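Here is a short briefing to read alongside the model. Please keep the sequence at hand as you go through the points.

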Amino acid sequence: DRGARSLGLRIQGRNDFRQAFAAADAAAISAVFDTQFRQAPNPADSPDVVAYYAFDVDARLLGQAGRPGVVEAVSGGVVLCPDLVSKARVRSETLLQQPLYELCLSGGLPYLASLMPIGEADPAGYLQVVTDPLPELLRIGQRLKMPVQISDTEGAIMHTGSGWIEARTDHEVMSEYVLTANNSRPALNIAAQRNADSLVMQIEKTNNRLLFVVVLIILATVVLALLMVKFSVLNPLRDISYQFRVFRKRDASAPDAAAEQPEPVSFHALGQLYETLHDMA
């Protein structure tokens, strides 16, 4: 649409077009459009133009020209996307100078119509540039860096990008987008394809690394737990047991120890004492 508007403004700036439009000379207006078709297009900013139309302020057709062999074969001489100029006429005065564009279907083929007012203050008429959107849509594959396939509403393939794989595999990822026309009817189906083999391999590598890290974390946790049990439970119990043995030996070596030697304290008795203290707390 931006390319079509730029081309339309370029045509409006021509003296021969302004004179022909002011005189409502249909032949002169069509001659200007034909001259524009014969000029070598600039691939950098010029879209693939199919037809030019000039309308007066009441939406009456003043002049037209189409790409040879295209407009006649598609529309039989009928204006492509005729509803756009009607929409421009019913707008409020504050929106009269704004350009319009829409995608329409004619003969089962999509066309992009761009409409811009003629005149600086109040529109004296309208210039409509109809382009073929397919060449611009082919750049989607370059933008996505993925092979792209474009088909019409009947499923007929209009374009297949390089690298497209017809035989689907388990790792082929397909994304589709339906481009709709002005009446919300499907106009084009655009499908992009991506082979996910490298992604699946990367996921497998990531899973293996993650599993390795989890095993290391579990081992470290077990070792840390064992160390905590050792220093917080086993070592104190070992010290207590050692003290019991020392006390028993010292008491046994004392005089009349055989008569007054008490019963050794067992770990079971300590456990009962701990439970009693816990219940009291």
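Helices (H or I, at least four residues) and strands (E, at least two) are DSSP runs, numbered from the N terminus. By that definition the chain comes to ten helices and nine strands. This is a predicted model, in which local features need pLDDT of at least 70, side-chain atom pairs count only at pLDDT 80 or more, and totals for chains, interfaces and linings use all residues. Residues are numbered from 1 along each chain as its sequence is written, and side-chain values use heavy atoms, with hydrogens and water left out.

**The chain as a whole**

- Of the 281 residues in the chain, 31% are buried; buried means under 20% relative accessible area, exposed over 50%, and partly exposed in between (1.4 Å probe, protein chains only).
- The chain exposes about 18,300 Å², and 59% of this comes from carbon and sulfur atoms; accessible areas come from the Shrake-Rupley method with a 1.4 Å probe, and for residues only the protein chains shown count as cover.
- Taking contacts (heavy atoms within 4.5 Å) with a separation of 6 or more, 52% join residues 24 or more positions apart.

**The five-stranded sheet**

- An open sheet has its five strands in the order β2-β1-β5-β4-β3, with antiparallel pairing; two strands pair if DSSP finds at least two bridges between them.
- Because β2 (61-66) and β3 (100-106) stand at the edges with a single partner strand each, one side of each is left without a neighbour in the sheet.
- Neighbouring strands of this sheet are turned by 20° against each other on average, direction ignored; axes are lines fitted to C-alpha atoms, for helices over the stretch in contact, and angles run from 0 to 180 degrees between N-to-C directions.
- Strand β4 pairs with β5 (residues 125-131) in the antiparallel sense over seven bridges, and here A113 stands opposite V130 in β5.
- β3 and β4 are also antiparallel, again over seven bridges, with L105 opposite P110 in β4.

**Around strand β4 and helix α1**

- Helix α1 (residues 2-12) lies across β1 (49-56), β4 and β5, and runs at about 45° to β4.
- P117 lies in β4 (residues 109-118) and counts as buried because its relative accessibility is 10%.
- The C-alpha atoms of P117 and G8 are separated by 9.6 Å, although these residues are 109 apart along the chain.

**Two loop residues with positive phi**

- A24, in the loop between α2 (15-22) and α3 (26-38), has a positive phi of about 55° although it is not a glycine.
- With 45% relative accessibility, A24 counts as partly exposed.
- K145 sits in the loop between α7 (140-144) and β6 (148-151), and its phi is positive too, at about 60°, although it is not a glycine.
- At 73% relative accessibility, K145 counts as exposed.

- N189 lies in strand β9 (residues 186-195) and is buried, with a relative accessible area of 19%.
- Not counting residues up to four places away in sequence, N189 touches Q149, I150, S151, E176, Y177 and V178.

**Helix α8**

- V213 has its place in helix α8 (residues 197-253) and counts as partly exposed at 41% relative accessibility.
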